[in-house]
Amino acid sequence: MSAQVAAGLALLSVRYATYDKAFADSCLKVAEKLYAYAKEHFGDPEVCDETLYACGVQKPYDVLALAAIALHYATYEKSKKMDYLNDAAEDKTINDNEYAKYGFEYFSAGWLGVNRGFTSGGWTSDYDNRFAITLYAFYKLLLADEETAAKYGIKDSVRIDYTKRLVNSLVRSVSDDLGNGDDEHVDLPYNDGSHCEFRYDKPWFVTNHFNWHPNRYETGTILNLLIYAEVAKSALIRQLAINKMNYILGANQWDICFMTGVGDKNEAHVHNRTANPEGWNGMTVDEYLNYKDFLASYSYRPPVGALMGGSMTDSLISDWVIFTSTETYIDANASFLVANVLLSPEKSAADTSKKDTTKADSTKEAIVEIAKIGEARLAVVNNGVTLDVNYTLPTEQNVKISLVSVKGKVQRLYAPGRQTAGGHALQWNTETIPAGAYIVNYTAGSFHQHKLVKITR
């Protein structure tokens, strides 16, 4: 915790200096002392209980690396010292990783040079995915381009080497648990020419890793994918991450949003041990009869905005007693919040001309609209007996559009092949299609998007 707070204070000292330099300087002073304490006591059982997950399984390499990177960012321009960067990536007394000479998925030394690789160690997420966040901070603060690196005393050849190892570490984090998707895959390349397959299933274009606590871990995977997509400039991986977010927000086979209070439908037995310790929303009939007088005075309010356990499989468990499926998770909320921040457009205060594309659409569905590749757009209007599908192509591309049931049965297919850039329209008659929930899948070149639609009678 000392290292984690040190990282935050170091970053705050830089950002807040224009408002209150004295306060910013005090933040930096405390950050340096906290980091020194954390470094001195690294692995000390008196300050890091080995039974705790972060201490026993992983060790706190992630936050120590993050603190060292943040402190180099905050101090180098004035001190011109490389001490903190050396702690992060060069000091062989901290770690001396012999595997680094054979593969770019390893850093050679420092906190980043942990022998197993700078990853969460076999999990899709270490709850809040600080490994991915640390690598992102390294890239954004110090390695984004040659000019940025030079500003912080990093030679371009070293910057390139660090960036290769950073990208491969992100791939390694994804490949540690690739999921069990069967329909499609995308290759994530390593620098040595090999690759890992990131697999995902239609019609939702998501991959699942666990039946247990899925959203908790999936939010960490989303974060890792978004960071990889930005660093490696991969529009496809970015869209797959967005698909996972949309699944959690309601584009799934139950049309349920796994974030309480968002959208029209949520888990049936949403609960939280602090907000609802007695479990009154999961009683038997006998329990209700025994406690109904008390219930008249008991006002249960679900925690609005809390992320639920949910499901990424065909089986949705909705039972108050099985808390691993229905309990809310603050740590998963943190990862999901960071993912939304990464997708938010960066605007100046004076820029009011651009349309806000981050709000839910007018149909009150929980799907988040994100700016698509170029000018690619898909709009679907349900007119009762017809579906009007309108789409825009930024360039000439191959097009394929399908209407698929939640069980995967194709009801309509439109595959005109290569089409010119610009706007296009398609209309499907739905009178003979059974009522239910369906997905419109839109593919233009390497770009994928889907829309959830409901057909009623």
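How many aromatic pairs does the count come to? The count comes to 13 aromatic pairs, where rings of Phe, Tyr and Trp (its six-membered ring) pair if their centres lie within 6.5 Å.

## Basis

This is a predicted model: local features need pLDDT of at least 70, side-chain atom pairs count only at pLDDT 80 or more, and totals for chains, interfaces and linings use all residues. Residues are numbered from 1 along each chain as its sequence is written, and side-chain values use heavy atoms, with hydrogens and water left out.

## Aromatic pairs

A pair of aromatic rings is described by the distance of the centres and the angle of the planes. Planes under 30 degrees apart count as stacked, over 60 as edge-to-face and the rest as tilted.

Tyr61 and Trp111 are a tilted pair, with 6.5 Å between centres and 50° between planes. Tyr61 sits in helix H4 and Trp111 in the loop between helix H5 (83–89) and H6, so the pair ties together parts 50 residues apart in sequence. Helices here are DSSP runs (H or I, at least four residues), numbered from the N terminus. Both Tyr61 and Trp111 are buried. Buried means under 20% relative accessible area, exposed over 50%, partly exposed in between (1.4 Å probe, protein chains only).

Tyr99 and Tyr106 also pair in a tilted way, at 5.5 Å centre to centre and 35° between planes. Tyr99 is partly exposed at 40%; Tyr106 is buried at 15%. Tyr16, Tyr19 and Phe23 form one aromatic cluster.

## Helix H2 against H4

The axes of helix H2 (residues 21–40) and helix H4 (residues 61–79) come within 11 Å and cross at roughly 145°. Axes are lines fitted to C-alpha atoms over the stretch in contact, with angles from 0 to 180 degrees between N-to-C directions. Contact means heavy atoms within 4.5 Å. H2 contributes Leu28, Ala31, Glu32, Tyr35, Ala38 and Lys39, and H4 contributes Leu64, Ala67, Ala68, Leu71, Ala74 and Thr75.

## Helix H6

H6 covers residues 130–143. At 1.5 Å a residue (times one less than the number of residues), its 14 residues should span 20 Å; the end C-alpha atoms are 18 Å apart, which agrees. Of these 14 residues, 12 are buried, including Phe131, Tyr136, Phe138 and Tyr139.

## Positive phi

Lys233 has phi near 60°, a positive value in a residue other than glycine. Lys233 lies in the loop between helix H9 (214–232) and helix H10 (235–249) and is exposed at 62%.

Asp255 also has a positive phi, about 60°, and is not a glycine. Asp255 lies in the loop between H10 and helix H11 (285–295) and is buried at 16%.

Key. Helix = DSSP H or I, 4+ residues; strand = E, 2+ residues; numbered from the N terminus.
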